[in-house]
Every structure is written in structure tokens, then in C-alpha cells.
Amino acid sequence: MKNGRRFRFILEFLLPLAVALLLTAGGLLRPLDRGWYDTLARLAAAREEKKMDTPVIVAIDAAALRRYGRWPWPRSRIASLLAKIAAGRPRAVGFDILFSDPAEGEAALEAAMRRVSVVLASRLDLRRLGGVLASGEPDLPRPAFARAAAACGFIDFFPDPDGVVRRMLVKLRHGPIRLSFAAALAEAAGELPPGTPDEILLSPAHLRPGETVGAVRVLAGEVDPA
């Protein structure tokens, strides 16, 4: 190979390849990779058709806090809310609330949980240490609620360095808890695909928002339970 052709080969092929490898090894391309994924996800979300049922979110929002007082509410009020929801025969009800502390009205809420398939949230205080998952002090539902519920799922998540969550840990064996809250709710509703991996890259299908209904309207009987 003549010197001129050799120099061109190095300049046009080997040098860009070496730079790309150095950038990849140093993690400098990861922000570009994340930005590219975000762009593709937004485009896919804009054109993707609805393929599965989306959840109906019953929001304990500002209107509910004005009407019924600040959080935490008595468990008896949450039991009334669950009874209104259960009248519509949902496949599953997930509480993205930590019921780890004692409170008034526990017996009523426990009884209400036994009438419908309920999934409760737990926090395992998970962290990644050198690529290995470690758990701190877990925040679990009270034992009576855990027994009444169909399942408990962990709500811990791991954002990327830019603060965006793009991956979700799905499965993790920790005592009686084996699934994330989202996965446990999907399983209780019969929508967890077989062979789901331990961790997934979130797609527009996972991120599609559901219909939101205020808790005030549900408690007032203004919403069809179905």
C-alpha cells in the first residue's frame, strides 16, 4: 500500500474508529444514546395504537385534600374509597401508597381489601453498589394488610444520570416480595406477559397514561364504578 493510500486509510477509517471506541469506553456517548432513545420513544408513542387496557387512576389530589383534610387519611376513609372502586369489579386495584404505619380504621380497610384483588406498594431501599443490588431498611405494608392483599410490589427505581427513568427492575426476590409494584399489578390483572425479563427498557406502551378520576368524585358516587 502506498504511503498516500495508507495515510488516507488511517485518517478515514482507523482514526474515527479509535475515537469512537475511546468515547464509548469513557461513557461519553451515553448522553447521545439516551437522547436518541428519548426521540425514538416519543415518535413511537405518537403513532402507536392502544394494544392493552390502560389503568384508571383514582387520584387523591388537591381537591380531595381540601374536601377531606390533609394526608394521611383515616384508613376507614380509604376503605370507603376502595369499596366504591370494587363495586365496578376491577381485575385488580393497586395502592401506590405505603401502609407501613398504624392508623385509625385498619380493620375496615383490611376487610375491604379481602373483597377485591389488591396490590400494595413497598419500598425496599434498593441501591446499586458496584453493579450489585443491595437493600437497606425495607418499608413494608403492615402484616394484616399484606395478608389481605393479593400481592405486594416494590416501588424502588433507578434513574439515569440525567434523572430520567428509562429502565425498570421487574423481578427481585426479597422475602415475600418478588415483583415490582407495576409488574405485580399487571400480573394480578392477567396482563404480565410470560417470560418477562428481570429488567426491561421502558417503551411507549409502558408509559401510556391512564384515565384519571378524582377521589372526591368517586367517594361522592359521581363516577360509574365500571
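Student: What should I keep in mind before we start?

Tutor: This model is predicted, and local features need pLDDT of at least 70, side-chain atom pairs count only at pLDDT 80 or more, while totals for chains, interfaces and linings use all residues. Residues are numbered from 1 along each chain as its sequence is written, and side-chain values use heavy atoms, with hydrogens and water left out.

Student: How many helices and strands does the protein chain have?

Tutor: The protein chain has 9 helices and 11 strands. Both are DSSP runs numbered from the N terminus: helices are H or I with at least four residues, strands are E with at least two.

Student: What makes Trp71 and Trp73 an aromatic pair, and why is the pair called tilted?

Tutor: Rings of Phe, Tyr and Trp (its six-membered ring) pair if their centres lie within 6.5 Å; planes under 30 degrees apart count as stacked, over 60 as edge-to-face and the rest as tilted. By this rule there are 4 aromatic pairs. Trp71 and Trp73 have ring centres 5.7 Å apart and planes at 50°, so they are a tilted pair.

Student: Why is the pair of Phe95 and Phe99 called edge-to-face?

Tutor: The rings of Phe95 and Phe99 are 5.5 Å apart, centre to centre, with 70° between the planes, and therefore they count as edge-to-face.

Student: Which residues do ring pairs link into a cluster?

Tutor: Tyr68, Trp71 and Trp73 are linked in this way.

Student: What makes you say that the charged end of Arg67 sits over a ring?

Tutor: The rule asks for NZ of Lys or CZ of Arg within 6 Å of the ring centre and within 35 degrees of the ring normal. The charged end of Arg67 sits over the ring of Tyr68, 4.6 Å from its centre. Likewise, the charged end of Arg77 sits over the ring of Trp73, at 5.7 Å from the centre.

Student: Why are helices H4 and H5 called roughly parallel?

Tutor: H4 (residues 75-86) and H5 (residues 106-113) pack at about 20°, with axes 7 Å apart. Axes are lines fitted to C-alpha atoms, for helices over the stretch in contact, with angles from 0 to 180 degrees between N-to-C directions. Angles under 35 degrees count as roughly parallel, over 145 as roughly antiparallel, 65 to 115 as roughly perpendicular and the rest as oblique, so H4 and H5 are roughly parallel.

Student: How do you know what Phe145 touches, and is Phe145 buried or exposed?

Tutor: Contact means heavy atoms within 4.5 Å. Leaving out residues up to four places away in sequence, Phe145 touches Arg75, Phe99, Glu106, Leu109, Glu110, Met113 and Leu120. Phe145 lies in helix H6 (residues 143-148), and at 1% relative accessible area it is buried. Phe145 and Glu110 are 35 residues apart in sequence, but 5.7 Å apart in space, C-alpha to C-alpha.

Notes
Buried means under 20% relative accessible area, exposed over 50%, partly exposed in between (1.4 Å probe, protein chains only).
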